[in-house]
Amino acid sequence: MIPLSAEAYRSREDDAAGGRIHVRIANTGDAPVAVTSVALDSPGFEAAPATRREVELGPGNRIDVEAEYGPVRCDTSPEPAYALIGVADRDGSPVRVPLAAPYDVLARVHDDDCAAQDLARAVPVTLIPAAAPPEPTAPLPAQLVVSRGTASGDVRVDEIGGSVLYALHGALPATMRADEDRLSVDITIDAARCDPHALAEAKKPFVFPLWIAVGSSEPEYSRIPVSEENRRILTNYLTVTCGARR
């Protein structure tokens, strides 16, 4: 048995990015262990590719590694969960280590993602970016279109957020009244970073947080859907704009 322990936690960056947690791996044995990868194994989430991270852990040492997870399974509990840890000099099969989850972190992530799914059905949101900015170094104009799904009463868009590569700004909060079925909010999308490291390493460039309040409820977290076509538009915008700003 490989002497490893694993513990899950969610950082502020994880919370904003979505789709990932951190796994803290510790060597509880008396000899070094060469870790090569980490993945989350939880019945409450679809599987996601393992994170490659090659490091030798000495006895008593630990390391924190990002671990992605796939779409949430809202009809299934996230427990029991495991960390699938790749170890050098094995037959290729990862070690399945029970994943501790202090403060019910996995349950909270699971609940948050299921709530975001419910909110997306109640208040569908569509992003409509312009094909190009008015000039190469300018922000890209866009519209955030909010429609009425299953929600009743007023719907208020409180806040939007960007990612490592993109900054989003709009005149918020904005409210769709109870007798309205559509709200269009003018926003801009700008290049947040153009340095080669960020462009090469950004794992979730199109995860844009969104906070919406329905009726008298507190604002709830969701994400702005970004279609494949819009991803191409935003990628082209970033390429042209970053090139013009250098």
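Two strands count as paired if DSSP finds at least two bridges between them. By that rule, β1 (residues 4–9) and β7 (residues 95–100) pair, because 2 bridges join them. These two strands run parallel. All of this describes a predicted model.

**Around β7**

Ala6 has Leu99 in β7 as its bridge partner. Strand β7 also pairs with β6 (residues 82–87), here in the antiparallel sense. That pairing spans 4 bridges.

**The open sheet**

Elsewhere, 4 strands build an open sheet with antiparallel pairing. Their order is β8-β9-β13-β11. Which strands form the edges? They are β8 (125–129) and β11 (166–170), each of which pairs on one side only. On average, neighbouring strands of this sheet are turned by 30° against each other, direction ignored.

Strand β8 is joined to β9 (residues 140–147) by 5 bridges, and the two run antiparallel. Ile128 finds its bridge partner in β9 at Gln143.

What lies across this sheet's strands β8, β9, β11 and β13? Helix α4 (residues 228–245) does, running at about 40° to β13 (182–191).

**Pairings with bridge counts**

| Strand pair | Sense | Bridges |
|---|---|---|
| β1 and β7 | parallel | 2 bridges |
| β6 and β7 | antiparallel | 4 bridges |
| β8 and β9 | antiparallel | 5 bridges |

As background, strands of a sheet pair through backbone hydrogen bonds, either parallel or antiparallel. In a regular strand, side chains alternate between the two faces of the sheet.

Conventions. Residues numbered from 1 in each chain as written. Predicted model: local features only at pLDDT ≥ 70, side-chain atom pairs only at ≥ 80, totals over all residues. Heavy atoms only, no water. Axes fitted to C-alpha atoms, helices over the stretch in contact; angles between N-to-C directions. Contact = heavy atoms within 4.5 Å.
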